[in-house]
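Here is a short briefing on one chain. It covers a helix and its packing, the domain layout and a single strand residue.

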Amino acid sequence: MPEYVIVGGGPAGHSAARTLSEEGAQDILLLSRDPDPPYDRTAVTKGYLRGETSHDEVLLGALDGVDLRVRTSVTKVDTGGHTVTLADRSEASYGKLLLATGANVHRLRVDGAALEGIHYLRTLRTADEVREDAEGAGHVLLVGGSYIATEVAASLTAIGKRCTIVMLEEVVLERTFGKQAGGYFQRVLTDHGVEIHPKQELARFEGEGRVSTAVMQSGDRYEADVVVVGAGVQPDVSLARAAGLDLGERGGVLVDARLRTSAPDVWAAGDIAEYESVVHGGDRLRIEHWDVAETQGHTAGLSMLGRDQVHDVIPYFFSDLADWTSMEYIGQAYSWTEEIVRGSIDDAEFTIYYIDGDRLAGALSVGRGDDLERARELLVSRQPVDRAELAG
Ligand SMILES: Cc1cc2nc3c(=O)[nH]c(=O)nc-3n(C[C@H](O)[C@H](O)[C@H](O)COP(=O)(O)OP(=O)(O)OC[C@H]3O[C@@H](n4cnc5c(N)ncnc54)[C@H](O)[C@@H]3O)c2cc1C
């Protein structure tokens, strides 16, 4: 019987398995329904989509001493009996279980949504499909103003495609990073030829078998040979819910600071984990970032080994628009009352500090990564900010 069973081969599951193995644990079983072994999902919208990074280059490190089974879906968790059921109806017992099932894309429910040529990007296979489909396409339409849609627009434009973004927002990325940062990224995109249509709500797709046009609620129509939708994700808590685990207000699996769920011997990490963040005064957070999933997998691995390990890592996010611009972000500002800019947005060298009341909630940097060190100190200390010092 495997002592440690991990469900999910994303960064959280991979990192937990690696941690357990490096710490000398035995009998580790990693189950993933993905056909590929664990890989760098962030490349799906970046180098891999552009064809600059090969399949082998995006694979995460091999896991010594771990029984990795891909194309293997877990259909049920019995927390009382300490077993998981697989799609082939076989069962595996566990001593300790980690759920790291990640997220599912939010699918649009409009007329024409099932037409060919409409894609959702999450896996390497979906990136292959988009690239293949976009090969002969004149117009690629991106639905959404999120980092997925903007990264895909940049990558496909960089390989010679004509890309148009339609979105509900006024400027891209404004929901997560505000209008100042969003305005900067929007300028970068339009300067490189991406057409952007803000405040547009999709009404339906039209086409004969295959999509040809996207029609907006406003009546505006956009040509679309290929569509890529980036309309957010939902944490995949189906196994956890069916197993009776407590869920949180942010839609995730409730875990404490040690990433333990409400069931004995069951942990959760990554996109599904709604965790008590000790570096945010115990606030409950659920974050969909690569680094958060990776570091939480490490924390969960140690916690599963019985170490008194809380997850005390400041959240970190990065995004690239082709090789045009890159950003880094730390913290987690769900809302904020003020933005302080250091440096110059016009010169593409700036940091935006997101202030909530008197405290720093997050900081985004383009070309000024060193500023994030001070931001990190402020996020940890939770001291009131000195606005003049931050503005520089
Ligand atoms: C295209 C794309 C680009 C991204 N780019 C960035 C970026 O630039 N920067 C950044 O910080 N973040 C980025 N992210 C977000 C980041 O990749 C995610 O936050 C991270 O992958 C979450 O890791 P996870 O381990 O929780 O889940 P996932 O990576 O989603 O992995 C979940 C795993 O669980 C498996 N699984 C699910 N259910 C079952 C089941 N029942 N049985 C067996 N296996 C199951 C899945 O097959 C998958 O292997 C990006 C995400 C996407 C989709």
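The buried residues of helix 9 pack against strand 23 (325–331), strand 24 (338–344), strand 25 (349–356) and strand 26 (359–366). Contact here means C-beta atoms, placed from the backbone, within 7 Å. The model is predicted: local features need pLDDT of at least 70, side-chain atom pairs count only at pLDDT 80 or more, and totals for chains, interfaces and linings use all residues. Residues are numbered from 1 along each chain as its sequence is written.

**Helix 9**
- Helix 9 spans residues 371–381, and its buried residues are Asp371, Leu372, Ala375, Leu378 and Leu379. (Buried means 20 or more other C-beta atoms within 10 Å of the residue's own, exposed 12 or fewer, partly exposed in between; C-beta atoms are placed from the backbone.)
- These residues lie on the same side of helix 9, because they cover an arc of only 115 degrees around the axis. (The arc is taken over directions from the helix axis to the C-beta atoms.)
- Exposed Glu373, Glu377, Val380 and Ser381 sit on the face turned away from the buried side.
- Arg382 follows helix 9 and has a positive phi, near 55 degrees.
- Helices (H or I, at least four residues) and strands (E, at least two) are DSSP runs, numbered from the N terminus.

**Domains**
- The chain divides into domain 1 (4–104 + 234–304), domain 2 (107–229) and domain 3 (333–391); the bounds come from an automatic or database domain assignment.
- The centres of domain 1 and domain 3, taken over C-alpha atoms, are 31 Å apart.

**Glu195**
- Glu195 belongs to strand 12 (residues 195–197).
- Glu195 counts as partly exposed because it has 17 C-beta neighbours inside 10 Å.
- Val166 is 29 residues from Glu195 along the chain, and their C-alpha atoms are separated by 8.7 Å.

Note on methods: Two residues are in contact if their C-beta atoms, placed from the backbone, lie within 7 Å.
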